[in-house]
Amino acid sequence: MASLAIKGGTPVRKAPFPVWPVWGDEEIANLTEVVKSGKWGRLNGKVTERFEQKYAAYQQAKHGIAVNSGTTALRLALTAADVNPGSEVICPAYTFIATASAAVEAGCVPVFIDIDSQSYNMDPNAIEQAISPRTEAIMPVHFAGRPADMDAIMAVAQKHHLKVIEDAAQAWGAEWNGKRVGALADAGCFSFQSSKNINAGEGGIILTNDDLIAKFARSHHNCGRSEDGLWYEHFYFGGNYRITEFQSAVLLAQLERYDELLKIRQQNLNKLDDLLAPIEGIQVLAQDERITSHACHLYIFRYLKDHFAGKSKEVFIEALRKEGIPCSAGYSIPLYRQPVFLNRAFGPRGKSVALPVNYQTFQCPETEKACYEEAVWFTQNVLLATEEDMNDIAEAIAKIKEHADQL
Ligand SMILES: Cc1ncc(COP(=O)(O)O)c(C=O)c1O
């Protein structure tokens, strides 16, 4: 086999992977219609309402409330679900910061628990020991688009009377035991930010089957108004978290082609699993029959350096990139090591606040292993390539393994 590209050899691949976003005439037609209508906001347009209904139906939920981001969705869902300021909310330590920062914005205290190394989702066995008399909610993340173990999480939640807000920001179309995520618990939140598989630049949605949660989420996102009240009648606290009609127009078009792209990503995810599983030192995440649809936002595998001449994850990633395979190390530190948590900087201008938890003492070994040593990510656009392109990925990894001592 030829020498490594990082050492001046020929890369396995020179062709680029597909770019994101994928868009077409539908986005342009929908946007043009909104521009021409002169109804650019949801207070006078109808496009956002149409998107909410379509998306809620797609995810098998009764209500959808579109908002300006996934973070906003989580923040409002917590409050609408009656999770009180000052309460503790259990989140995985391996997630985007928004899961926890939305809880902080809602006045809550995030308490981090470890992930399961086979799924990279919240470890349900770690929940009970994190529960205190102040705990009011659990926020499982369907990380990478792979549903968390909702059977186990709901069982603990029911036993301890806790609310469950699904962070489904990466999980459009994902299914747990044949049911779409998002309304499996009290509420679920999705993101439509630009890296996401359904994208309008920014945007989010709260889904729920609960009429009361829907009523309050709708009010909080619209200045505390009520659906049957007057424009200048404000019943509850609230802000302007509305999405524009332009975003909803794009989202309607993105949703139309979503299933077609999801199928390609799923085929390639399975193909990659088949190709990478036999390579010693590469561990693909475990199959779970209860996951009946994976949203494939990320493809993640575990890199075990002992099988690669002891070379670090960073060195491996650099070598893989040089072979023409775009990849990343993902999150570099556990969330509890972020300065905002270490310093409890939840006050104005970074002021420390007094909290019942001390993030300096948190330790989640699997999360630390994922961040510092093992997790390697491909973003969803890589999964939009052809099946042959997946062969290039496997070939590049096998090549690096064979020449690992040269790194
Ligand atoms: C797991 C997770 N939660 C929440 C969010 C927040 O979404 P947004 O960026 O739309 O605020 C994101 C995405 O960025 C995410 O990946």
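**View 1. The shell around the ligand in the predicted model.** The ligand is surrounded by 14 residues. Gly70, Thr71, Ala98, Ala169 and Ser191 are the closest. Helix H3 (70-80) and helix H4 (98-105) are the elements that each give two or more residues to this shell. By class, the shell holds 9 polar, 4 nonpolar and 1 charged residues.

**View 2. The largest nonpolar core.** This core has 119 residues. Ala77, Leu78, Val89, Ile165, Cys189 and Ile206 have the most contacts inside it. Both domain 1 (5-13 + 258-406) and domain 2 (25-256) supply at least three residues to the core. Take Ala77 as one centre. Leaving aside neighbours within four places in sequence, Ala77 is in contact with Ile165, Ala187, Cys189, Ile206 and Ala217.

**View 3. Domain 1 against domain 2.** The protein is divided into domain 1 (5-13 + 258-406) and domain 2 (25-256). Their C-alpha centres lie 25 Å apart. Across the boundary, 32 residues of domain 1 are in contact with 35 residues of domain 2. On the domain 1 side, two or more residues come from each of helix H9 (258-276), strand E11 (291-293), strand E12 (298-303) and helix H12 (365-374). H12 gives the largest share, 5 residues. The residues on this side of domain 1 divide into 21 nonpolar, 7 polar and 4 charged.

**View 4. Arg50 in helix H2.** Helix H2 spans residues 47-58 and includes Arg50. Arg50 counts as partly exposed because 15 other C-beta atoms lie within 10 Å. Arg50 and His297 are 247 residues apart in sequence. In space, 25 Å separates Arg50 from His297, C-alpha to C-alpha.

How values were computed:
Residues are numbered from 1 along each chain as its sequence is written. This is a predicted model: local features need pLDDT of at least 70, side-chain atom pairs count only at pLDDT 80 or more; totals for chains, interfaces and linings use all residues. A residue is near a molecule or strand if its C-beta atom, placed from the backbone, lies within 6 Å of it. Helices (H or I, at least four residues) and strands (E, at least two) are DSSP runs, numbered from the N terminus. Ala, Val, Leu, Ile, Met, Phe, Trp, Tyr, Cys and Pro count as nonpolar, Asp, Glu, Lys and Arg as charged, and the others, Gly among them, as polar. A nonpolar core is a set of buried Ala, Val, Leu, Ile, Met, Phe, Trp, Tyr and Cys residues joined through C-beta atoms within 7 Å. A residue is buried if 20 or more other C-beta atoms lie within 10 Å of its own, exposed if 12 or fewer, and partly exposed in between; C-beta atoms are placed from the backbone. Domain bounds come from an automatic or database domain assignment. Two residues are in contact if their C-beta atoms, placed from the backbone, lie within 7 Å.
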